[in-house]
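Subject: Handover of a structure

Dear colleague,

Please find below the structure that I am handing over to you. My notes on what was found in it follow directly after.

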Amino acid sequence: MTTPDALPGTAESYWMDTAPGPRWPRLEADTTADVVVIGAGMAGLSTAWELIRAGRNVAVLEADRVAAGVSGYTTAKLTAAHSLVYERLRRTRGKEGARAYARSQQGAVEQVAAVAAELGIDCDIERSSALTFTTDPHQRAMFEAEAEAAAEAGLDADFVTGTDLPFPVSAAVRVGNQARFHPRKYLLALADDITARGGVIHERTRVTGLTEGSPCKVTTEQGVTVSAADVVVATHYPVFDRALHFARLSPRRELVVAAPLPASEAPEHMYITDDMGKRSVRTAPFDEGRRLLIVTGESFTPGTGDSRERFLRLDGWMHEHFRVGATAYRWAAQDNEASDGVPLVGPFHPGARHVYVATGFGGWGMSGGAMAGQLLAAELTGAEPEWASLYDPRRLWSTVREGSALLQQQADVARHFVGDRLKSTHVDSVTDIAPGSGAVVRVEGRRCAVYRDEEGTAHAVSARCTHLGCLVAFNQAETAWECPCHGSRFGIDGEVLHGPALRPLPPRSI
């Protein structure tokens, strides 16, 4: 139950709440490895595990906790059905490009299932179909074309109009033989197996420096150095800008609400639509006689708009369409989409010889991360798969593939970088900020990001993001400062919650 002003549910991911996990030590001394993997999410741990299996000595460095970033706050669909992707790929990459995408993504689904079976991981993995639907009858032709393209790409796909959703749809593309699982249970078991095979994992070890060479060297915020032949940057949004990936990536944040419903009324399959600002539906095992309905949607750019209203809108939609109980959980997921819609996985930049990157999964980081692990491990051991070129970050820019998205992304960045500075201030003074709220305010000529806690104490930090200098905005629903340009997120005292920023927001005296 909630008060009229409160948001519904516990402010935590179901995956985090039900799989707390062990702790790994901080890196305290200089060391060496064959490969350093920066980031311990789906992409980083999948890469590390594949490399360990190939006989490489691997060190994994995580800024926070293992599988507690994006991978701990996903909706955990494990699928090659990435909304309406195959008709677009057929048009921009040709039939072979669409087939390569389908093979690699479906192969990732099968790899996770195989690894879970091999290691005996109890991660609630369940097979189901994945359906992309619309309630708009005018979109029928588009969905028929997508079904045809997905089937032509090699997936078990067809066009349907009937589903087991509790409301009618006008058209849908069904892709069979997909899966859903508990990502934390899977990834924590993968981490355990990595260390059991001789790999090392260090949490609370934020990497802030990278020197390419033979060997490469990465440096942590504590000044500790790791030397390695190869480096994999799997930090969701690359924490180093030398490849200018920020110009090709658009951050987006999506909200999640979850509530129990009778198992007899739970949808059997997974669903997604771009209608209504996006709605994604899946269920997970919950308790005797019930399943947990997980609904995702309200896609937005970090640092823009009111997340509280979005949460309430999404929660209202769930309760309107499903006979669920009280909302149990709420959380938010964040991802980055490449401007041509295909992840960037491979050599970090055109001159890179020993540094690799995995990013731009566009909301499909479970299959994408597993695919990246297979691809990067193969590249580092000299067995590059036939579909590697599809994901190569060095691929040539194309007006057809990327022009519109690139221009829009850079226009949005410029609008925030310049336009936000033209505003006199967000509030007139610190005293105008209500307890439990935050705002940007000019203090002695400088813009400060000020949060007043429930007791009225002000916590002030610089309002300039330490990544590239855009002004942050306050997310009331999640009590965090967010950069609208590239998605960096900070706590109320300036600590980095989410990159690409590496340094905290400096404190300000007011």
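What share of the contacts in the chain with a separation of 6 or more comes from residues 24 or more positions apart? Such residues account for 70% of these contacts, where contact means heavy atoms within 4.5 Å.

Please note that this is a predicted model, in which local features need pLDDT of at least 70 and side-chain atom pairs count only at pLDDT 80 or more, while totals for chains, interfaces and linings use all residues. Residues are numbered from 1 along each chain as its sequence is written, and side-chain values use heavy atoms, with hydrogens and water left out.

Overall form

The chain holds 10 helices and 25 strands; helices (H or I, at least four residues) and strands (E, at least two) are DSSP runs, numbered from the N terminus. Its radius of gyration is 22 Å, close to the 24 Å that the globule rule gives for 510 residues, so the chain is as compact as a globular protein of that length. The radius is taken over C-alpha atoms, and the rule is 2.2 Å times the number of residues to the power 0.38. Along the principal axes, the C-alpha atoms fill a box of roughly 65 × 60 × 50 Å.

Of the 510 residues, 60% count as buried (buried is under 20% relative accessible area, exposed over 50%, and partly exposed in between, with a 1.4 Å probe and protein chains only).

Nonpolar cores

A nonpolar core is a set of buried Ala, Val, Leu, Ile, Met, Phe, Trp, Tyr and Cys residues joined through side-chain atoms within 4.5 Å. The largest has 84 residues, and those touching the most other members are Leu45, Val66, Tyr86, Phe181, Tyr186, Val345 and Tyr391. Helix 4 (residues 94-119) gives the most to this core, with 9 residues. Tyr86 has contacts beyond four places in sequence that include Ala98, Tyr101, Ala102 and Leu155. A second, separate core of 26 residues includes Phe133, Tyr271, Val295 and Met318.

Ala228 is buried, at a relative accessible area of 1%, and Ser227 counts as buried at 17%. Although Ala228 and Asp34 are 194 residues apart in sequence, their C-alpha atoms are 5.1 Å apart in space. By contrast, Ser227 and Ala266 are 39 residues apart in sequence and 50 Å apart in space, C-alpha to C-alpha.

Beyond its neighbours within four places, Ala228 is in contact with Ala33, Asp34, Val35, Val36, Pro215 and Cys216. On the same terms, the contacts of Ser227 include Thr31, Thr32 and Pro215. Pro215 is joined to Ser214 by a cis peptide bond, with omega about 5°, and lies in the loop between strand 9 (207-211) and strand 10 (216-220).

Positive phi values

Which residues other than glycine have a positive phi? One is Asn177, with phi near 65°. Asn177 lies in strand 7 (residues 171-180) and is partly exposed, with a relative accessible area of 44%. Another is Thr479, with a phi of about 50°. Thr479 is placed in the loop between strand 22 (473-475) and strand 23 (480-482) and is partly exposed at 35%.

Yours sincerely
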